[in-house]
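Please open the model in your viewer and keep the selection tool at hand. The stops below proceed from the whole chain to individual side chains.

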Amino acid sequence: MYQIGYLLPEVDEYVINSAKTNLNQVQHLNGTFLTHFKGSLSKSGSKRMAKNMLMISSIILGSTVVGELLIFAQVPLVNVVLVYMLGIMLCAINLKDQVYGFLSAFLAVISFNLFFTQTLFFS
């Protein structure tokens with residue numbers, strides 16, 4: 001059997017032992033996750049969270065309006081997807097938190113599905 005380093009010399013090799021898990025590391029990750037949401041429940045945290053949600057909603061709404069204008073101009077639907085991807089990137093860059101990035105991606109998929117595809121079950 002060939003060695004992977006011989007076939008692909010420019011690729012680094014990493015061995016990850018999945019049998020042993022460091023419990024302190026898992027507890028640390030869980031602690032950070034919970035700390036993130038505990039901080040957002042305070043009064044200043046809830047204002048920041050509301051501001052971030054408003055920013056996500058406005059960017060996705062703006063992407064939807066631009067998408068509708070592109071469809072009205074008879075531009076292919078693939079370009080509308082690119083507009084939504086731009087909106088997701090703007091949310092991820094401006095908010096600097098993964099939770100809001102995931103939320104903006106989820107809302108973009110839902111709004112694209114709602115506004116730009118035909119329904120199959122309700123026809």
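Accessible areas come from the Shrake-Rupley method with a 1.4 Å probe, and for residues only the protein chains shown count as cover. By that method the protein has an accessible surface of about 10300 Å², with 68% of it belonging to carbon and sulfur atoms. This is a predicted model, in which local features need pLDDT of at least 70 and side-chain atom pairs count only at pLDDT 80 or more, while totals for chains, interfaces and linings use all residues. Residues are numbered from 1 along each chain as its sequence is written, and side-chain values use heavy atoms, with hydrogens and water left out.

**The whole chain.** Display the cartoon: the protein has 5 helices and 0 strands, in the order α-α-α-α-α. Helices (H or I, at least four residues) and strands (E, at least two) are DSSP runs, numbered from the N terminus. Of the 123 residues, 18% are buried; buried means under 20% relative accessible area, exposed over 50%, and partly exposed in between (1.4 Å probe, protein chains only). Counting contacts (heavy atoms within 4.5 Å) between residues at least 6 apart in sequence, 68% join residues at least 24 apart.

**Serine 111.** Select serine 111 in helix α5, residues 98–116. Is this side chain's residue, serine 111, buried or exposed? Serine 111 is buried, because its relative accessible area is 9%. A polar atom of its side chain lies 3.1 Å from the backbone oxygen of alanine 108. Leaving aside residues up to four places away in sequence, serine 111 touches Ile60, Thr64, Tyr84 and Phe116.

**The aromatic rings.** Rings of Phe, Tyr and Trp (its six-membered ring) pair if their centres lie within 6.5 Å; planes under 30 degrees apart count as stacked, over 60 as edge-to-face and the rest as tilted. The count comes to 3 aromatic pairs. Select tyrosine 84 and phenylalanine 112, an edge-to-face pair at 6.0 Å centre to centre with 85 degrees between the planes. This pair links distant parts of the chain, since tyrosine 84 is in helix α4 (residues 77–95) and phenylalanine 112 in helix α5, 28 residues apart. Both tyrosine 84 and phenylalanine 112 are buried.

**Leucine 82.** Finish in helix α4, where leucine 82 is placed. Leucine 82 counts as partly exposed because its relative accessibility is 48%.

How values were computed. A polar contact is a pair of N or O atoms within 3.5 Å; within protein, one must be able to donate a hydrogen and the other to accept it, and residues adjacent in sequence count only if both atoms are side-chain atoms.
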